[in-house]
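Dear colleague,

Please find the structure below for your records. My notes on what was found in it follow directly after.

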Amino acid sequence: MEIKIQDLEHINEAARTFIENIGDHTVFAFYGKMGAGKTTFIKAICEELGVDDVITSPTFAIVNEYSCDTSLTSERIFHFDFYRIKKLEEVYDMGFEDYFYSGALCLIEWPELIEEVLPEDAVKVSITENTDGSRTVDF
């Protein structure tokens with residue numbers, strides 16, 4: 001599926017469309033260049049799912065846990081940012097299996113650094129910045 005985000009004013013609408021099309025999947029791997037809008041789009045998804053917490057990139061924490069108020073997903077969302085991972089052992093040490101196989105929604109930034117441990121059914125989401133400043137989300 002392809003979703004076009006014209007500008008930030010329309011990002012929550014795009015997030016709603018994304019949520020409507022995630023089906024039973026729980027692990028989403030977001031690919032895109034630095035500045036493509038991965039964190040911004042994940043923030044919009046979390047807002048649409050009823051997260052009241054402050055939603056920020058977990059660059060230094062590696063994972064943020066949010067509580068949400070929706071019947072579309074479990075009561076928890078895990079937001080990962082693996083940009084700072086240097087060795088795959090760090091992912092094993094953090095107990096990635098407990099997150100990825102929990103049934104909770106897992107939204108992962110920089111998954112290319114941990115691809116060998118991603119669940120087989122993880123949905124690959126690509127965010128591309130277009131020349132006019134819009135973004136395209138493919139999954």
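Contact is taken to mean heavy atoms within 4.5 Å. This is a predicted model, in which local features need pLDDT of at least 70 and side-chain atom pairs count only at pLDDT 80 or more, while totals for chains, interfaces and linings use all residues. Residues are numbered from 1 along each chain as its sequence is written, and side-chain values use heavy atoms, with hydrogens and water left out.

I begin with S67. Apart from neighbours within four places in sequence, S67 is in contact with G50, V51, D52, D53 and E75. S67 belongs to strand β3 (residues 63-67); helices (H or I, at least four residues) and strands (E, at least two) are DSSP runs, numbered from the N terminus. With a relative accessibility of 47%, S67 counts as partly exposed. On this scale buried means under 20% relative accessible area, exposed over 50%, and partly exposed in between (1.4 Å probe, protein chains only). From C-alpha to C-alpha, S67 and N21 are 21 Å apart in space, and they are 46 residues apart in sequence.

Next, helix α1. Within α1 (residues 11-20), the buried residues are I11, A14, A15, F18 and I19. They lie on the same side of α1 because they cover an arc of only 140° around the axis, the arc being that of the directions from the helix axis to the C-beta atoms.

Two loop residues other than glycine have positive phi values. For I62, phi is near 75°; I62 sits in the loop between α2 and β3 and is buried, at a relative accessible area of 18%. For W110, phi is near 60°; W110 is placed in the loop between β5 (105-109) and β6 and counts as buried at 14% relative accessibility.

Turning to the aromatic residues, rings of Phe, Tyr and Trp (its six-membered ring) pair if their centres lie within 6.5 Å; planes under 30 degrees apart count as stacked, over 60 as edge-to-face and the rest as tilted. By this rule there are 13 aromatic pairs. The ring centres of F78 and F80 are 6.5 Å apart and their planes stand at 50°, so this pair is tilted. F78 is buried at 2% relative accessibility, and F80 is buried with a relative accessible area of 0%. F78 also forms an edge-to-face pair with Y99, at 4.8 Å centre to centre and 80° between the planes. Because F78 lies in strand β4 (residues 76-81) and Y99 in helix α4 (residues 96-100), the pair ties together parts that are 21 residues apart in sequence. One aromatic cluster is formed by F78, F80, F82, Y92, F96, Y99 and F100.

With kind regards
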